[in-house]
Amino acid sequence: MTLKEEMLFIVKEAIARVMPDEAVVRALKARKFKSGRIFVVAAGKAAWQMAKTAADILGERMDADVCVTKYDHVNGEIPNFTCYEAGHPV
């Protein structure tokens, strides 16, 4: 592998590791939830993507959840989530 190929590999891996959905997968899969209620709050530009990933992993175990993201960043409904779009700093 050339130095350029190694550099590109490192950059691609670094970007993949900081993607919002990947961060949520790592965070939730490492946790063991006791029985009880689970509430999820997602806020920020990547909130919808993180909320969707949390819903995919946690499914019916989640209770009432909320997602607040930037205008035009909600990409559909997420089960159990109420999604809001707002401008900064709302």
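Biologist: Let's start with Thr69: buried or exposed?

Modeller: Thr69 counts as buried, at 3% relative accessibility. Buried means under 20% relative accessible area, exposed over 50%, and partly exposed is in between, with a 1.4 Å probe and protein chains only. Keep in mind that this is a predicted model: local features need pLDDT of at least 70, side-chain atom pairs count only at pLDDT 80 or more, and totals for chains, interfaces and linings use all residues. Residues are numbered from 1 along each chain as its sequence is written, and side-chain values use heavy atoms, with hydrogens and water left out.

Biologist: OK. Where is Thr69 found, and what does Thr69 touch?

Modeller: Thr69 is in strand S2, residues 65–70. Helices (H or I, at least four residues) and strands (E, at least two) are DSSP runs, numbered from the N terminus. Not counting residues up to four places away in sequence, Thr69 touches Gly44, Lys45, Ala47, Trp48, Val74, Tyr84, Glu85 and Ala86. Contact here means heavy atoms within 4.5 Å.

Biologist: Which backbone oxygen lies 2.8 Å from a polar atom of the Thr69 side chain?

Modeller: That's the backbone oxygen of Gly44.

Biologist: How exposed are Arg37 and Asp63?

Modeller: Arg37 is exposed, with a relative accessible area of 63%, while Asp63 is partly exposed at 24%.

Biologist: What about the salt bridge of Lys52?

Modeller: Lys52 bridges to Asp56, and their closest N and O atoms are 2.8 Å apart. Both lie in helix H3, four residues apart, about one turn of the helix. Lys52 is partly exposed at 29%, and Asp56 is exposed at 53%.

Biologist: Next, Ala64. Where is Ala64 found?

Modeller: In the loop between H3 and S2. Ala64 is exposed, with a relative accessible area of 59%. Leaving aside neighbours within four places in sequence, Ala64 is in contact with Phe39 and Asn80. The C-alpha atoms of Ala64 and Val25 are separated by 20 Å, and those residues are 39 apart along the chain.

Biologist: Last one: which residues make the nonpolar surface patch?

Modeller: Met7, Leu8, Val11, Ile15 and Met19 make a patch of about 410 Å². Patches are made of residues with over 30% relative accessible area and no salt bridge; like charges are joined within 9 Å and nonpolar side chains (Val, Leu, Ile, Met, Phe, Trp, Tyr) within 5 Å. Accessible areas come from the Shrake-Rupley method with a 1.4 Å probe, and for residues only the protein chains shown count as cover. Val11 lies in helix H1, residues 3–17, and counts as partly exposed at 38% relative accessibility.

Technical notes. Salt bridge = Lys/Arg side-chain N within 4 Å of Asp/Glu carboxyl O. Polar contact = N/O pair within 3.5 Å; in protein donor to acceptor, adjacent residues only side chain to side chain.
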